[in-house]
Amino acid sequence: MLEVFRQFALDLKASGINLTILYDAFDFERFVSGLMTTCALIVICTLFSILIGGAGAAVLALSRGPAAMLVRAYVALIRNTPLLVQMYFFYFAVGSLMPVGQNAIGLPVPMIGNFTWAVIALSLYAGAFNIETFRSGLGAVHNSYEEAALALGYSRFKAFRYVVVPLGLRFSFASLANNLVDLTKSTTVAYAIGVAELLYVSNQIWSDSLNTFEMMNVMLAIYLLLTGIVVWIIGRVQAAMSLPGFGAN
Amino acid sequence: MRSATQDGALVSLRGVRKAFGSIEVLRGVDLNVAKGQVVAIIGPSGSGKSTILRTINGLTPVDHGVITVGDITVTDPRVDKVALRHRVGMVFQQYNLFPHKTVLENVAMAPIQVLGEPRRQVEERAKDLLAGMRLPEKALSYPGELSGGQQQRVAIARALCMQPEVILFDEVTAALDPEMVKEVLSAVRKVAEDGMTCILVTHEMRFAREAANRIYFTDKGVIVEQGEPKAFFENPRDPRTIEFLDKVL
Ligand SMILES: Nc1ncnc2c1ncn2[C@@H]1O[C@H](COP(=O)(O)OP(=O)(O)OP(=O)(O)O)[C@@H](O)[C@H]1O
Ligand SMILES: [Mg+2]
């Protein structure tokens, strides 16, 4: 830990603001590990949720059969139930059905840990919203583009892959940014199943160090920063993909 | 000048009928286009001109009748769509260039992705075609950076790059500012003079008269009258043709 920070934090403490995470090595490490866990949740779930969103939207766009019905049912279920309930459902209900392994000294260890359950629940949650986002993005692509591709001999699938998807993606960014900001904030729900993410460790810190007020402010600042980074990254991707004269910029 | 006979025809429509819901849009259309011929279809808005073109390349399936292009039976449900659209090119009123692809990619992508032709060879051809359309310096621009007239000439090059036997032009100047109409019409004219079989839907009567060697007049889903341009424009016989020409000339 940088000596300057440490000194600054101790000065602050003298004036009544007790930021243990800046001068206490133990709190600092807890905090950093919680922050890392939160970042890991954000990154991993963002990737999976985008994959789920893309796959689901493709199914909705290309098929009318039972697969599309299944996707619609999944989206409806996720969007209309609380995330906390979904998280508990996976961890307690589905988790209880999963096989249990053993660790080196013979104690039972679940094959799927709480971090993994959080990843599954959050990815499915954000994935459902991303399906809606990509579906409406694809829907915003005027069908004259697909038609031009068909007239050039593209199959429906190839027209989708090479023309509709690249254009639809560009209509999806604003809504995608919303979903991923929501996902970033929603990682705190993993606290409920004991994932040692940022909120979890912060709770430990303020319980031990009795600096609830300070830690609450730190929480707000950190999440504001994290969502800011998410929005910034999507903005950069969007700018890199913007097209001259195309309405989705 | 050659007159179209059914057996000499490259494109032939026999008794083509098409309804959208309860509205009969084509009510028995017969049309023959010989190889190398330039045919203009004129008629009031909503009379089914675009629909005729779209049935020829199979974008709009018909209810009754037979359409053939060379040895391909378009109305056969098992028609090879790639072969059909290889043979029949189309240029749209709104250009419908792919905004996410450069001009060169727009022209070259279908022969590469659909016909599997070698990229280098196709790109050479595409560059030649762009030069022919007097757009060689625009190869790396995006469609959104071009004027309407330039975009439409790219669209013509794109259709030509598939090396079709016939090209369908659907009111290709209707979306253009007046000062760009001429450049596009002369591009179409060049394509026709190079021997391409062309079926043009147009509201430019003077152009139809100068460029086409046969005129078809449609009204309410039937072909009311047809003839060679001079006879058609100077001595129209059907009262509906006379009324229409009175309005537009
Ligand atoms: N996909 C469709 N679904 C329903 N109705 C359609 C469809 N396509 C065309 N129509 C209708 O069919 C009729 C003929 O349309 P079409 O586009 O062929 O006319 P057109 O002669 O090309 O007219 P315009 O000069 O305005 O382009 C119109 O009444 C139109 O509304
Ligand atoms: Mg039309």
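A:Tyr88, A:Tyr91 and A:Phe92 form one aromatic cluster. This is a predicted model. Over all chains, the count comes to 11 aromatic pairs. Chain B holds an open sheet of 6 strands.

- The rings of A:Tyr88 and A:Phe92 have their centres 5.4 Å apart.
- Their planes stand at 50°, so the pair is tilted. Edge-to-face would need over 60 degrees, and stacked would need under 30.
- A:Tyr88 and A:Phe92 both belong to helix H5 (residues 83-97) of chain A. They are 4 residues apart there, so about one helical turn separates them.
- A:Tyr88 has a relative accessible area of 34%, which means that it is partly exposed.
- A:Phe92 is also partly exposed, because its relative accessibility is 48%. The exposed class begins over 50%.

- A:Tyr145 and A:Phe246 form an edge-to-face aromatic pair. Their ring centres are 6.2 Å apart, with 65° between the planes.
- A:Tyr145 and A:Phe246 are both buried.

**Sheet of chain B**

- The strand order in the open sheet is E6-E7-E8-E3-E9-E10 (chain B), and the pairing is mixed.
- Strand E6 (88-91) and strand E10 (222-227) of chain B are the edge strands. Each of them pairs on one side only.
- From one strand to the next, the twist averages 20°.
- Strands of a sheet pair through backbone hydrogen bonds, in either a parallel or an antiparallel sense.
- Strand E7 (residues 166-170) and strand E8 (residues 197-201) of chain B pair in the parallel sense. Their pairing runs over 5 bridges.
- B:Leu168 stands opposite B:Ile199 of E8(B).

**Helix across the sheet of chain B**

- Helix H5 (residues 148-161) of chain B lies across E6 and E7 of chain B.
- This helix runs at about 170° to E6(B).

**Charge over a ring in chain B**

- The charged end of B:Arg158 sits over the ring of B:Phe98.
- That charged end of B:Arg158 is 4.7 Å from the ring centre of B:Phe98.

Notes. Residues are numbered from 1 along each chain as its sequence is written. Chains are lettered from A and ligands numbered from 1 in the order in which they are written. This is a predicted model: local features need pLDDT of at least 70, side-chain atom pairs count only at pLDDT 80 or more; totals for chains, interfaces and linings use all residues. Side-chain values use heavy atoms; hydrogens and water are left out. Two strands pair if DSSP finds at least two bridges between them. Helices (H or I, at least four residues) and strands (E, at least two) are DSSP runs, numbered from the N terminus. Axes are lines fitted to C-alpha atoms, for helices over the stretch in contact, and angles run from 0 to 180 degrees between N-to-C directions. Contact means heavy atoms within 4.5 Å. Rings of Phe, Tyr and Trp (its six-membered ring) pair if their centres lie within 6.5 Å; planes under 30 degrees apart count as stacked, over 60 as edge-to-face and the rest as tilted. Buried means under 20% relative accessible area, exposed over 50%, partly exposed in between (1.4 Å probe, protein chains only). A charge sits over a ring if NZ of Lys or CZ of Arg is within 6 Å of the ring centre and within 35 degrees of the ring normal.
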